[in-house]
Amino acid sequence: MDNVRLILILALGAVLFLIYQAWVQDYGQQRPAPASVASPATTEGTSRDTAALPADAPDAPPATAPTEAMQAGAATTGADPAIASTPIIVETDLVRAEISPIGGTITSLWLKDYAQTADDDSERFRLLKPEAPNFFIAQSGLLGDAATDLPTHNSVFAATQPEYRLAQDQDVLNVELRWADDSGLQVVKRYRFERGSYVIGATQEIINNSGAPVAARNYDQLQRTELYDPNQSSFIYTYTGGVYYGPEVKYKKESFDDIRKRALDLNITDGWVAMIQHYFMAAWIPPAGVEHTFYTKVVEDGPRYIIGMYSPSVTIPAGGSHTFETRLVAGPKLQDTLADIAPGLELTVDYGWLTILSEPIFWLLSQIHSLVGNWGWAIIILTILIKLAFYKLSETSYKSMAHMRKMAPRMQALKDRYGDDKERFNQAVMEMYKKEKINPLGGCLPILIQIPVFIALYWVLLESVELRHAPFMLWLDNLTEPDPFYILPLIMGVSMFVQQKLNPPPPDPMQAKIFMALPFVFTVFFAFFPSGLVLYWTVNNLLSIAQQWYITRKIEKAGHHGSKKAS
């Protein structure tokens, strides 16, 4: 098989891969319709039968007590509507959060170490938000039986204080909200924020002073609209949607389309549910060893998509109490901490089917960064190390190409001799390969072996929040955004053109024209790629040119000396 034709197919395949990435994305997303947290008026005076639950509550079986449940009065805290609409402020060293008294819902979360955009460092990145676009909130609540009134995420809680701020001598903030009804039922919802952590402890304590046993389930859910990002490149696709994990099912995606098509209903122990997006995530993690039911739901207002979990039913005797415990992780997908929080949580850094290669590549990249302190130089050094690791394979490839280049005049002579008789031409070429001991696949097999490593590195550079808004040098002040002046893509295109000139020219004129057009096509594509990816590709091309030039000169000199001796 013609070596050049194989290389051409590989190059075109790479272009198709880039086109695929562009079209997989929800192209031309529409701005989501307004969505907001339900007001307390929507639930006032409702009973706890399934039909009266909020439309965005889980469709869980009723929790049933062993004896006849009591009829509860209306949920109340005596809270003024104005107070109920005023969020509780929580501020630690890493986050600033707003918690609504309506359901104790975490409606807003700003990440203090991350800017919203690279151009404006004053505005912090907002992960959770109670209005469109990019509505995204974390909710929790309780479900009882048909006759027991327990607070859902739409019930009004009373806050102990309006603000919580982590002082210099503090490591923990405990936020407390209370709910009670006329029967003697009380619910205390607590959040625990810790210094240096994006993990929020969450508990719901039921205190049963009603005089009768009460059955209850705890539920936690994440609710969001589709992501709207006007700055998102049409050439880069990253997944936004639901995911869940369990020891038996492992890591599974539950896209917005999946949620719309069918509801998830799965019992899992030691798992978690999450909503992820590029660089960031929020996940509910239940306590270990307790089976939870994972569910999804869609609410057409928005539309809003929900992924959540609910616990088994627990019966609290009269005069007793019970505390449900969960954890909420909301923040960046930092790869050195996720696995310690919960098994499988590191998989939210979505490297796809090449995770087995991407994870060690990222580890090496981060180790280099810890030494040099700059992600741009870390990418360059990593590219050099990968090139060294594949040096022998590349050497085999370039030797094959150099021998093919030497054969180019003879190939052209054969083509002139046989004209359009392709069968005789191919037969003569194969005979020449056999006589000169040239393997036509020798130049492509090493490249094929390296392709998974290159794609794995592509995903590492694309998915790692550690590189978000990272500067390099000169005009490259953000490695996760395209080069604003298109200088690096142009250098990459020139390097690709030079590399092609070192390869043997294809005998087919049409192939030659297509082949020469590829540097231009790749330059256009890479103009819209994050500059960190273009930096890697450019450095790799320059190293390949140096290696190929050296090997080609070496073989040509050996051939020249051999011909002198023969004469």
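Trainee: What makes two strands a pair here?

Mentor: Two strands pair if DSSP finds at least two bridges between them. Keep in mind that this is a predicted model.

Trainee: What is the order of the open sheet of nine strands?

Mentor: The order is β6-β8-β9-β10-β20-β16-β15-β12-β13, and the pairing is antiparallel. β6 (158-159) and β13 (250-254) are at the edges; each has a single partner strand, so one side of each lacks a neighbour in the sheet.

Trainee: How do you know that β8 and β9 pair?

Mentor: The cut-off is at least two bridges. Nine bridges join β8 (residues 172-180) to β9 (residues 185-194). Therefore the two strands count as a pair. They run antiparallel, and L177 stands opposite K189 in β9. The two strands form a hairpin with four residues between them. In that turn, G184 has a positive phi of about 110°.

Trainee: Why is the contact of E91 with R165 called a salt bridge?

Mentor: The limit is 4 Å between a side-chain nitrogen of Lys or Arg and a carboxyl oxygen of Asp or Glu. The closest N and O atoms of E91 and R165 are 2.4 Å apart, so the pair qualifies. E91 lies in β1 (residues 88-91) and R165 in β7 (residues 163-165), so the bridge ties together parts 74 residues apart in sequence. Salt bridges link E91, K112, E163 and R165 in a network.

Trainee: What makes D171 and R195 a salt bridge?

Mentor: Their closest N and O atoms are 3.3 Å apart. The limit is 4 Å, so this pair passes. D171 is in the loop between β7 and β8, and R195 is in the loop between β9 and β10.

Trainee: E254 forms a salt bridge with R262. Is E254 buried or exposed?

Mentor: E254 has a relative accessible area of 1%. Buried means under 20%, so E254 is buried. R262, at 42%, counts as partly exposed.

Trainee: Why is D119 called exposed?

Mentor: Its relative accessibility is 80%. Exposed means over 50%, so D119 qualifies. D119 lies in the loop between β3 (106-115) and β4 (124-128). On the surface, D119 gathers with D120, E123, D229, D477 and E481 in a patch of negative charge.

How values were computed: Residues are numbered from 1 along each chain as its sequence is written. This is a predicted model: local features need pLDDT of at least 70, side-chain atom pairs count only at pLDDT 80 or more; totals for chains, interfaces and linings use all residues. Side-chain values use heavy atoms; hydrogens and water are left out. Patches are made of residues with over 30% relative accessible area and no salt bridge: like charges are joined within 9 Å, nonpolar side chains (Val, Leu, Ile, Met, Phe, Trp, Tyr) within 5 Å. Accessible areas come from the Shrake-Rupley method with a 1.4 Å probe; for residues, only the protein chains shown count as cover. Lys and Arg count as positive and Asp and Glu as negative; His and the chain ends are not counted. The place of a charge is taken as NZ of Lys, CZ of Arg, CG of Asp or CD of Glu. Buried means under 20% relative accessible area, exposed over 50%, partly exposed in between (1.4 Å probe, protein chains only).
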